[in-house]
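Please read the points alongside the model.

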Amino acid sequence: MAYNLTVSPDFAPDHISGWYFFNTWLQRQLDVGVHLELYDCFEKQRSDIRDNKIDMIYANPYDASMLVRELGFKAIARPQERPDETVIAVSAESTISSVEELQAGITVATTDDPDVHTMGMIMLEPADLDGSNVTTKEVDTYVIVAKNLLNGNADVGFFLKDAYDELSDLIKGQMKVLVSSQISVVHHSLLVGPTMQEFIPRLEERLFSMHEDEKGKGVLQSMNLEEWEPMTEEETEFMIDLIDTLVIE
Amino acid sequence: MSDQDTGESREVTISYHDGTSRAATVVDREVPYPDGKLIVSRTDPNGIITHANQAFIDMSGYTRDELIGVNHYILRHPDMPSVAFAGLWETIEAGKKWHGYVKNLRKDGSYYWVKATVIPNIRNGKLVGYTSVRRKPSRSKIKASEELYATLM
Ligand SMILES: Cc1cc2nc3c(=O)[nH]c(=O)nc-3n(C[C@H](O)[C@H](O)[C@H](O)COP(=O)(O)O)c2cc1C
């Protein structure tokens, strides 16, 4: 029987092949069949998770609550120094230089990435902006968010900071950052479902030393990760509590 | 910075719910909330601080050692009406999420406004403490809170 691994749909498109390498590496370490199932939207992935089709996931922090508290998943690892931070940017030509100058009625370009969208909306609150007085334009990728700013189809854009940093200098040069979050304790994590709990000890042993051998290191690099760090149950619960305080009722 | 800030200082005695009190210097000067940050703390079920993040330490003006193990009312500002906190405790003790605008007192006597959310931390069905996460409030919400709280004193 093969297990199913999936990855939060907000992974950077450049690193898709890295996740396939990781899947191959995983099967060798565990000596079982693992199938990698990728999704291009959160909704379809969530419905498959709820239908018990997923055994292991590299999840968006926003989904950790459902996975851990409702479905019995256990977070075992997080990537070292890869917190999920959010950037709000405008066109370089915009007269706006701080969030507080933004006015009701603006258009926000955003993606379906739930943690970035939530943090972005929180960082607009100091300007008395919320879902009732901004128009949100949801697009597929951060490159498209940037394009919407550059061609004037949106006033502000929400970006995952890592994705913003990876945009070309040509694009970045035409934008300016109004605010960048500094939360540091909200991040993606690798979670194991109830069907795979027996593999956790072996998995932990292999994951945390993965960066020490050539092959493992190469796989990590192709995923744009440095190394895996252990995550305790309490760290996971803390992160979930924190996200819980951020979501609107 | 609030328009009404005078920079003046006054000596006050702050009395807490548990019958204790302390003398404090209160300075009429606002310290702006840092952009992009969340101020995070956790307490045990009695409101004793068990965790504070760096933004909390920076904004409160206390060291981590001065914060851990003391009652969260160390930040209580005399301009905050006690009914606001009665509402907070009633809500979280009922297991629900609370939010509100809070004026906090720094160690140096100046103040900062936050939009706070407090939630109960439940582990294996048991209450183990509370987490509070604060974010930057808008000027209009601060002004409305100043006006409202003045009527509740
Ligand atoms: C998690 C948590 C965070 C709190 N944060 C604050 C705070 O930032 N400032 C504050 O004045 N009170 C805060 N309180 C409320 C205090 O416990 C206390 O009720 C308040 O300072 C008023 O003091 P009193 O109840 O003794 O009158 C917090 C309580 C909890 C449980």
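1. Domain bounds here are taken from an automatic or database domain assignment. On that basis, chain A consists of domain 1 (2–82 + 185–248) and domain 2 (86–180). Their centres, taken over C-alpha atoms, are separated by 28 Å.

2. The model is predicted: local features need pLDDT of at least 70, side-chain atom pairs count only at pLDDT 80 or more, and totals for chains, interfaces and linings use all residues. Residues are numbered from 1 along each chain as its sequence is written, chains are lettered from A and ligands numbered from 1 in the order in which they are written, and side-chain values use heavy atoms, with hydrogens and water left out.

3. Contact (heavy atoms within 4.5 Å) links 13 residues of domain 1 of chain A to nine residues of domain 2 of chain A. The two domains bury about 900 Å² between them, with 57% of this on carbon and sulfur atoms; buried area is the accessible area (1.4 Å probe) that two parts lose on being put together, summed over both. On the domain 1 side, Phe42(A), Tyr62(A) and Leu246(A) lose the most area to domain 2, together 42% of what that side buries.

4. One salt bridge is found across this interface, the criterion being a side-chain nitrogen of Lys or Arg within 4 Å of a carboxyl oxygen of Asp or Glu. Arg82(A) forms a salt bridge with Asp162(A), where the closest N and O atoms are 3.9 Å apart.
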